[in-house]
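Q: I am new to this structure and would like to learn how to read its features one at a time. Could we go through it together, with the general idea before each case?

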Amino acid sequence: MYEPNFDAAKGGYVLRESSAGTPDVILLATGSEVQLAVEAREQLEADGVPTRVVSMPCVEWFEEQDQEYRDSVLPPSVKARVAVEAGIGLTWHKYVRDAGRIVSLEHFGASADAKTLFAEYGFTVDQLLMAARASLATNPQLRPEKEGTVANKTRPNQYNLARLRVEGVAIWLDDLSRQRITSGNLAELIDQQHVVGVTTNPTIFQKAISEGHGYDQQLSDLAARKVTVEEAIRMITTADVRDAADILRPVFDATDGLDGRVSIEVDPRLAHNTKATVAEAKQLAWLVDRPNTLIKIPATRAGIPAITEVVGLGISVNVTLIFSLERYRQVMDAYLAGLEKAKERGLDLSQIHSVASFFVSRVDSEIDKRLDALGTDEAKALRGKAAIANARLAYQAYEEVFGSTDSSTAPSDRWNALEKAGAREQRPLWASTGVKDKAYKPTLYVDDLVARNTVNTMPEATLHAVEERGEITGDTVSGTYEQARADLDAVERLGISYDEVVRLLEDEGVEKFEASWNDLLKSTGAELERLAPSED
């Protein structure tokens, strides 16, 4: 309960004043949203950021007040502002202006309790805090902050990472190692770089285990037990994923399971064996034994029915190695079929999560190579366009199933039925976002793929490049579909077959992960031999 305030009759008033009188940031809210603003203010004030909460029960009444009163509530000198609205945020732009941010619910039609819906669509104190920090980061006029405060931590270059989160993009790290875990580096990235998830693959683990001595103690113990090489690899990789999941558990809890996720991949040699993939996924879920784990299953022909079966068992899945739009649609269909199976089995659909990892940079690498071989001006003009176009059309396909956030595209009837039963959307995840061609800006596959309800998993180098040089300007996907289709059609007209390229990339993707897995087997086997105790 809040104390009575006669200024409420003026349509807008100061509900909570900042500790410094004149605030650094103003949080505007009305009705039930006021509580979010008050909670966010408490955290900002605790971190040394003077914060005012303005309750605005009636904008029309506020507009009827004289300019002096309105300026006393919303001082023109305070540029950092955030409005929180459980609905369309359009009317708040007048009050937050260019430097401000709006945390709003732009999605309608979903059915669940308020806590679930708010967490699902980013309507949380955490989102409000990130929006405040992003707005603060754009205002150089702020008073110098003491070391360690939120305003100090949110340096101007961190604005890009905070803005991504505000725009509905979850930042995941595409890397994991024992060193990251034990050194505190992963925890630091979560705390300071807005990282809210981790993805792994055979190549990542092969590199981690073959470098340094972080695994020597565990390898020595495994060698003493005379375990097989394959068992040793599973013990090592699941231990890392389990520890990373524990570090990310607070994020998992705070987002109601949306983020705070760590992915681990099934043995890539099983990519063309449905039954073995399902068995492996069940084993990995049991070994890691953490609710915030995602089991990675490749989107091969054999992988599609495996996705349905694994999801139907209540296991959360990260579908990987998606390159084509056709295959992506099959992946979404497999996820929905899995949810339907889970529903038939009486499982809690709200506990099943999934992302669909759509690979980006490799598409440009292959198509650019073919464009370069043609060498014409028309071909050169298309370099670096295919991957972005392909991903944007994938997002359009996602909207056709799950609906668009602005409600311009309605969700499918099939999804509507599952959502009413508590199911969660399968978010698109942009994978392979590290730029391969040095001619392109290092943040290309982040800047140009900003859209609500997406995940971007980045190598650390890309993460820091976005932090330092990113150009995050808002949604860069919605409304681009016509141009994206035109770009892919232009590539096709030059004799470069889209179907051939994506089929090749899927085959190569599996082969590369198999090669990394075999290298991992060899290097781990050699380490087990080196560390094995003598027989005498």
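Q: How many residues does helix H18 have, and what span is expected for it at 1.5 Å a residue?
A: This is a predicted model, and in it helix H18, residues 361-374, has 14 residues. From its first C-alpha to its last, H18 reaches 20 Å, which is close to the 20 Å expected at 1.5 Å a residue.

Q: Which residues of H18 are buried?
A: A residue counts as buried when its relative accessible area is under 20%. In H18 the buried residues are Ser361, Arg362, Val363, Asp364, Glu366, Ile367, Asp368 and Leu371.

Q: Where is pLDDT under 50, and what is the average for the protein chain?
A: Where pLDDT is low, the predicted coordinates should not be read in detail. The protein chain averages a pLDDT of 89, and 91% of the residues score at least 70. Over residues 140-156, however, pLDDT stays under 50, and for this stretch the model has 28 contacts beyond four places in sequence.

Q: In what order do the strands of the open sheet stand?
A: Strands of a sheet pair through backbone hydrogen bonds, either parallel or antiparallel. Here an open sheet of five strands has the order E1-E3-E2-E4-E5, and its pairing is mixed. Strand E1 (13-16) and strand E5 (101-104) are at the edges with a single partner strand each, so one side of each has no neighbour in the sheet. On average, and with direction ignored, neighbouring strands of this sheet are turned by 30° against each other.

Q: How many bridges join E1 to strand E3, and which residue is the bridge partner of Arg16?
A: E1 and strand E3 (residues 51-55) run antiparallel and are joined by three bridges. Arg16 has Val53 in E3 as its bridge partner.

Q: Which strands close into a barrel, and what is their pairing?
A: Eight strands close into a barrel in the order E6-E7-E8-E9-E10-E11-E12-E13, with parallel pairing. From one strand to the next, the twist averages 30°.

Q: How many residues of strand E8 are buried, and which way does each of them point?
A: In strand E8 (residues 261-265), five of the five residues are buried, so this strand is largely enclosed by the rest of the structure. Arg261, Ser263 and Glu265 point one way from E8, while Val262 and Ile264 point the other way, and all are buried.

Q: How many bridges join E8 to strand E7 and to strand E9?
A: Strand E7 (residues 195-198) is joined to E8 by two bridges, and these strands run parallel; Gly197 stands opposite Arg261 in E8. Four bridges join E8 to strand E9 (residues 293-298), again with the two strands running parallel, and the bridge partner of Ile264 in E9 is Ile295. Between E8 and E9 the chain crosses through helix H15 (residues 274-288), and this β-α-β crossover is right-handed. H15 lies across E8 and E9, and runs at about 160° to E9.

Q: What joins E9 to strand E10?
A: E9 and strand E10 (residues 317-322) run parallel and are joined by four bridges. Ile297 stands opposite Val319 in E10.

Q: Where do His194 and Asp289 lie, and are they buried or exposed?
A: The place of His194 is in the loop between helix H10 (185-192) and E7, and its phi, near 65°, is positive in a residue other than glycine. With a relative accessible area of 14%, His194 is buried. Asp289 lies in the loop between H15 and E9, and although Asp289 is not a glycine, its phi is positive, at about 55°. Asp289 counts as exposed, because its relative accessibility is 55% and the cut-off for exposed is over 50%.

Q: With which residues is Arg485 in contact, leaving aside its neighbours within four places in sequence?
A: Arg485, which lies in helix H24 (residues 481-493), is in contact with Leu325 and Leu393 when its neighbours within four places in sequence are left aside. Arg485 and Leu393 are 92 residues apart in sequence, and in space they are 7.3 Å apart, C-alpha to C-alpha. At 37% relative accessibility, Arg485 counts as partly exposed.

Terms used. Residues are numbered from 1 along each chain as its sequence is written. This is a predicted model: local features need pLDDT of at least 70, side-chain atom pairs count only at pLDDT 80 or more; totals for chains, interfaces and linings use all residues. Side-chain values use heavy atoms; hydrogens and water are left out. Two strands pair if DSSP finds at least two bridges between them. Axes are lines fitted to C-alpha atoms, for helices over the stretch in contact, and angles run from 0 to 180 degrees between N-to-C directions. pLDDT is the predictor's confidence in each residue, from 0 to 100. Contact means heavy atoms within 4.5 Å. Buried means under 20% relative accessible area, exposed over 50%, partly exposed in between (1.4 Å probe, protein chains only). A crossover is right-handed if, with the strands pointing away from the viewer, the path from the first strand over the helix to the second runs clockwise. The expected span of a helix is 1.5 Å times one less than its number of residues.
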